[in-house]
Amino acid sequence: MRVKTFPATAIILLAIASAAVNAQTSDFQVALKRGDAFVAQEKYREAIGEYGKVSSRAGDLYARAIYNIGVCYYELWQTEDAIVFYKRAIELKQGNYPRASHALGVALEDLGRIAEARAAYEQASIASNRNFAPAIYKLGLLEAKAGEFAKAAALFKEAAARDGEHVAASHNNLGVMLAQLGFMKDAEREFVIALKASHGSLGDAQHNLNLCRSLTAASVSRDYRAYKMSINQSGKF
């Protein structure tokens, strides 16, 4: 069997081309790091400048840069621009970019475009095989606002089963939904879990636990509007 060989000059050219690609990739990574450093300093326009240095030839690095530009525009209150870049990042990843889909949902929800926001959260959930809990949490909030307490409870329970910053808030909100549905003992248990998960720092859970216990003990008419839902304002979950 004959072994195909390359001329020595071709091997040299291939090596040079490979080195050039590696150098470019390194430059793009440096630009991303510089952009991230500016974001940490809340210098979002400077960050956009750095992320803009990443070439469309950079594959996943480019998709990440485009998403990060969207984040910067969101922080600059240029929500419409953020939406454009989030959508572009999602397209670059053929719809498989849960973080960008979630961020898109947050931005759309800010603008009152609820149906579109719901679709974005669902896309994030599907793309992650139901493992991107922040999107599931957001879907729970939408169902709760719509008065679909049983659906919301199921979503908060699903989100609470996955690790992350959302866990304590998910248990608290699950408790609120259970109280709305009349399952007071189960609700009380969720408020206790929420407090433990937050190391006692989630004031909503403490308020709800006290209210739940007082209503149960007094056997009085229950005004469920007095319960406090935990709604994350940072957009992280």
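Among contacts in the protein chain between residues at least 6 apart in sequence, what percentage join residues at least 24 apart? The figure is 50%, with a contact meaning heavy atoms within 4.5 Å. Keep in mind that this is a predicted model: local features need pLDDT of at least 70, side-chain atom pairs count only at pLDDT 80 or more, and totals for chains, interfaces and linings use all residues. Residues are numbered from 1 along each chain as its sequence is written, and side-chain values use heavy atoms, with hydrogens and water left out.

**The whole chain**
- You'll find 11 helices and 0 strands here; both are DSSP runs numbered from the N terminus (helices are H or I, at least four residues; strands are E, at least two).
- Of the 237 residues in the protein chain, 43% are buried (buried is under 20% relative accessible area, exposed over 50%, partly exposed in between, with a 1.4 Å probe and protein chains only).
- The accessible surface is about 13,000 Å², and carbon and sulfur atoms account for 54% of that (Shrake-Rupley method, 1.4 Å probe; for residues, only the protein chains shown count as cover).

**Helix 6**
- Helix 6 covers residues 114-127, and its end C-alpha atoms sit 20 Å apart, which agrees with the 20 Å that its 14 residues should span at 1.5 Å a residue (the expected span is 1.5 Å times one less than the number of residues).
- Its buried residues are Ala117, Ala120, Tyr121, Ala124 and Ser125.
- Seen down the helix axis, those buried residues fall within an arc of 140°, so they line one face of helix 6 (the arc is that of the directions from the axis to the C-beta atoms).
- That buried set packs against helix 5 (98-110) and helix 7 (133-145).
- Over on the other side of helix 6, Ala115 and Ile126 are exposed.
- After helix 6 comes Asn129, with a positive phi near 55°.

**Aromatic rings**
- Searching the whole structure turns up 4 aromatic pairs (Phe, Tyr and Trp rings, using the six-membered ring of Trp, with centres within 6.5 Å; planes under 30 degrees apart are stacked, over 60 edge-to-face, the rest tilted).
- Tyr73 and Phe85 have ring centres 5.5 Å apart and planes at 35°, so this pair is tilted.
- Tyr67, Tyr86 and Tyr97 form one aromatic cluster.
- Lys93 lies over the face of Tyr97, 5.8 Å from the ring centre (NZ of Lys or CZ of Arg must be within 6 Å of the centre and within 35 degrees of the ring normal).
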